[in-house]
Amino acid sequence: MIVVTGATGNVGRALVERLVVEGQPVRAVSRDPKRAALPPGAEVNHLESDGLFEGASKLFLHVQATGDRTDSVLDRARVGGVRHVVMLSSGIIQEGADETHPIHIRHARAEQLVRDSGMEWTFLRPNAFSANAFQWAPQIRQGDAVHGPFAGAVSAPIHEDDIAAVAERSLLDAGHEGAVHRLTGPAATTNAEQVAAIGQALGRELTYVETPVGEAEATLFPHMPRQMVRALLKSFAAMVGTDPEITSTVEKLTGRPARTFAEWAEDHRADFAA
């Protein structure tokens with residue numbers, strides 16, 4: 001049995017679907033099991049369910065889903081018989097990184113909890129997610145211009161299903177214990193180019209209109225603490241005109257190349273349609 005936290009998120013849902021197709025027993029964790037809409041082959045439980053780890057040997061840990069309960073989740077997993085934790089961490093954790101960044105702090109602490117748990121571990125450290133482009137969906141549904149800062153910010157965004165594919169192999173194949181897998185998409189692309197790719201998938205010509213950083217701070221990610229938003233904007237500013245890290249990890253571990261942002265846009269065309 002494999003327990004998957006964050007099972008209704010972008011990566012978690014893709015992972016659950018993959019494991020069910022493989023015929024693996026899966027226990028998916030959701031805040032609202034009745035509305036999770038996961039494949040019929042998956043059990044769906046609350047995080048605090050008494051039998052969550054009964055009979056389980058592996059755990060996919062999504063820190064955003066477990067939050068300040070990560071330490072207790074790990075304790076329960078170990079007591080329940082889990083032997084291997086595959087954690088969705090962050091590419092921000094690397095040599096020379098800003099260790100005061102809120103995202104670094106959250107994931108570094110969680111990684112340490114996993115290391116200290118006594119269970120085997122594998123860390124997945126993706127950089128930019130292609131799914132970050134969902135932030136532009138409301139504007140794209142309303143018109144042909146996306147307003148935002150840092151049109152020239154460069155990243156190599158990764159498809160969430162490519163992350164799920166690496167997680168699947170890390171859970172099912174031997175030899176990933178103690179490994180750190182850095183994950184990226186296959187090519188560099190700017191924010192403006194991403195918007196254009198979404199437009200191409202929709203059969204429309206979309207443009208990215210640069211806006212002042214102060215305006216973005218007031219409106220970007222409205223449900224996120226402003227301190228976090230300011231940290232993200234600082235990170236985005238540092239990405240303008242840079243050469244992003246690009247790894248071949250997805251192809252090495254899954255046997256097929258990571259998908260481009262244009263392929264991701266095609267896969268999610270319906271999410272941007274008016």
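Rings of Phe, Tyr and Trp (for Trp the six-membered ring) count as a pair if their centres lie within 6.5 Å; planes under 30 degrees apart are stacked, over 60 edge-to-face, and the rest tilted. By this rule a search of the whole structure gives six aromatic pairs. The model is predicted, so local features need pLDDT of at least 70 and side-chain atom pairs count only at pLDDT 80 or more, while totals for chains, interfaces and linings use all residues. Residues are numbered from 1 along each chain as its sequence is written, and side-chain values use heavy atoms, with hydrogens and water left out.

**Aromatic pairs**

Select W136 and Y208. Their rings form an edge-to-face pair, 5.9 Å centre to centre with 85° between the planes. W136 is in the loop between strand 6 (120-126) and helix 5 (137-142) and Y208 is in strand 11, so the pair ties together parts that are 72 residues apart in sequence. Helices (H or I, at least four residues) and strands (E, at least two) are DSSP runs, numbered from the N terminus. W136 is buried at a relative accessible area of 6%, and Y208 is buried at 13%. Here buried means under 20% relative accessible area, exposed over 50%, and partly exposed in between, with a 1.4 Å probe and protein chains only.

Go next to W264 and F272. The ring centres are 5.9 Å apart and the planes stand at 75°, so this pair is edge-to-face. W264 is buried, with a relative accessibility of 0%, and F272 is buried, also with 0%.

**Strand 6 and its partners**

Now colour strand 6. Six of its seven residues are buried, so strand 6 is largely enclosed by the rest of the structure. Two strands pair if DSSP finds at least two bridges between them. Strand 5 (residues 84-88) runs parallel to strand 6, with five bridges, and strand 9 (residues 180-183) pairs with strand 6 in the parallel sense over four bridges. Centre the view on L124 of strand 6: its bridge partner is L88, and L124 also stands opposite H181 in strand 9.

Show helix 4 (residues 102-116) together with strands 5 and 6. The three make a right-handed β-α-β unit; right-handed means that, with the strands pointing away from the viewer, the path from the first strand over the helix to the second runs clockwise.

Then pick R115 and W121. The charged end of R115 sits over the ring of W121, 4.6 Å from its centre. The criterion is NZ of Lys or CZ of Arg within 6 Å of the ring centre and within 35 degrees of the ring normal.

**Salt bridges**

The structure holds 17 salt bridges, each a side-chain nitrogen of Lys or Arg within 4 Å of a carboxyl oxygen of Asp or Glu. Start with R78 and D75, whose side chains meet at 3.4 Å, N to O. Both lie in helix 3 (residues 70-80), three residues apart, about one turn of the helix. R78 is partly exposed at 37% relative accessibility, and D75 is partly exposed at 39%.

Move to R259 and D161, which form a salt bridge at 2.7 Å, N to O. R259 is in the loop between helix 10 (249-254) and helix 11 (261-267) and D161 is in helix 6 (residues 160-172), so the pair ties together parts that are 98 residues apart in sequence. R259 and D161 are both buried.

Next, select E168 and R169. The closest N and O atoms of this salt bridge are 3.8 Å apart, and both residues are buried.

**Loop residues**

Most residues other than glycine have a negative phi. A37 is in the loop between strand 2 (26-29) and strand 3 (42-45), and is exposed, with a relative accessible area of 65%.

F150 also has a positive phi, near 60°. F150 lies in the loop between strand 7 (145-148) and strand 8 (154-155). Is F150 buried or exposed? F150 is buried, with a relative accessible area of 12%.

End at T211, in the loop between strand 11 (207-210) and helix 8 (213-219). T211 is buried, at 10% relative accessible area. Leaving aside neighbours within four places in sequence, T211 is in contact (heavy atoms within 4.5 Å) with H147, G148 and P149.
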